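Please find below a note in numbered points, intended to be read beside the model. The points pass from the whole chain to single elements and residues.

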Amino acid sequence: MKRSTVNRILAEADEFIRSFGYRLPPFAYWSPAQMKARRDEIVGIVDARLGWDITDYGKGDFERLGLFLFTVRNGNVADLQRGLGMLYAEKIMISRRDQLSPMHRHVIKAEDIVNRGGGTLALELFASAPDGSIDRASGVTVPTDGILRTLPAGGVLTLAPGESVTLLPGVWHAFWAAEKDVLVGEVSTVNDDLTDNVFAEPLERFSGIEEDVEPLHLLVSDYERWLG
């Protein structure tokens, strides 16, 4: 993705998020220079990979295949393994109309996906076979706001604003916004996007960036290169 495209998506996303009364934390609006200047005091932000995140899954077609995310808070994988400490994470995301977040599952992370506002969020769901692959024969049961629902393999669950679904590790899911863009909340156990995403087909979780202009804000995938 070109950096100019990333900058435009960030600006549009911020406006969309604000339209629902949701506010991002102050560090969201720091420039790269401000983050560099405050590097010693933002270890928690960098190590937890909090902040802006945009992906086109390496396919170069963000409008069709992509997702905007902002990680607001995130615990530590080591704490999760010990069962003590900050064991949770929170993201705010934007799923654009007919923009697919492709079929994937998580090994460790359990997550609530919440429609915070906008259109209808649609999720295609599968259970896992014993070897972890997609089970295309069995149904899948998921809690929706505390009520269990069972769908056939590949069934599509729709969430209106205010509704949510709990996806436990191993539940294969793809999602997209129907009718119009959706503000999506994610509340989960500790998030590790470097190792805990298993895609149904070979995809890249983080996009390569073509630096045609200066960044408006750094993405979490920029931290290592820009901040060390």
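1. Surface. The protein exposes about 10,600 Å², and carbon and sulfur atoms supply 52% of that area. Accessible areas come from the Shrake-Rupley method with a 1.4 Å probe, and for residues only the protein chains shown count as cover.

2. Basis of the note. This is a predicted model, in which local features need pLDDT of at least 70 and side-chain atom pairs count only at pLDDT 80 or more, while totals for chains, interfaces and linings use all residues. Residues are numbered from 1 along each chain as its sequence is written, and side-chain values use heavy atoms, with hydrogens and water left out.

3. Overall fold. The secondary structure comprises five helices and 12 strands; helices (H or I, at least four residues) and strands (E, at least two) are DSSP runs, numbered from the N terminus. The radius of gyration is 17 Å, close to the 17 Å that the globule rule gives for 228 residues, so the protein is as compact as a globular protein of that length. That radius is taken over C-alpha atoms, and the rule is 2.2 Å times the number of residues to the power 0.38. Along its principal axes the C-alpha trace spans about 55 × 40 × 35 Å.

4. Of the 228 residues, 52% count as buried, where buried means under 20% relative accessible area, exposed over 50%, and partly exposed in between (1.4 Å probe, protein chains only). Among contacts (heavy atoms within 4.5 Å) with a separation of 6 or more, 74% are between residues 24 or more positions apart.

5. Charge. The protein has 24 positive and 34 negative side chains; Lys and Arg count as positive and Asp and Glu as negative, with His and the chain ends not counted. The centres of the two sets lie 2 Å apart, each charge being placed at NZ of Lys, CZ of Arg, CG of Asp or CD of Glu.

6. Helix α1. This helix covers residues 3-18, 16 residues in total. From first C-alpha to last it reaches 23 Å, close to the 22 Å expected at 1.5 Å a residue, the expected span being 1.5 Å times one less than the number of residues. Its buried residues are R3, V6, N7, I9, L10, A13, D14, F16 and I17. An α-helix has 3.6 residues a turn, so residues three or four places apart point the same way. The buried residues of α1 pack against β1 (51-55), β2 (67-74), β3 (88-95), β11 (172-189) and α5 (223-227).

7. W172 is buried, with a relative accessible area of 4%, and G185 is buried at 1%. E179, by contrast, is exposed at 56%.

8. Surroundings of G185. Leaving aside neighbours within four places in sequence, G185 is in contact with K91, I92, D112, I113, V114 and R116. The C-alpha atoms of G185 and D112 are separated by 7.9 Å, although the two residues are 73 residues apart along the chain.

9. Backbone angles. Most residues other than glycine have a negative phi. E179 has a positive phi of about 75° although it is not a glycine. D98 likewise has a positive phi, of about 60°; D98 lies in the loop between β3 and β4 (101-106) and is exposed, with a relative accessible area of 52%.

10. Residue L84. L84 is in the loop between α4 (77-82) and β3, and counts as exposed at 52% relative accessibility. L84 and L65 are 19 residues apart in sequence and 37 Å apart in space, C-alpha to C-alpha.
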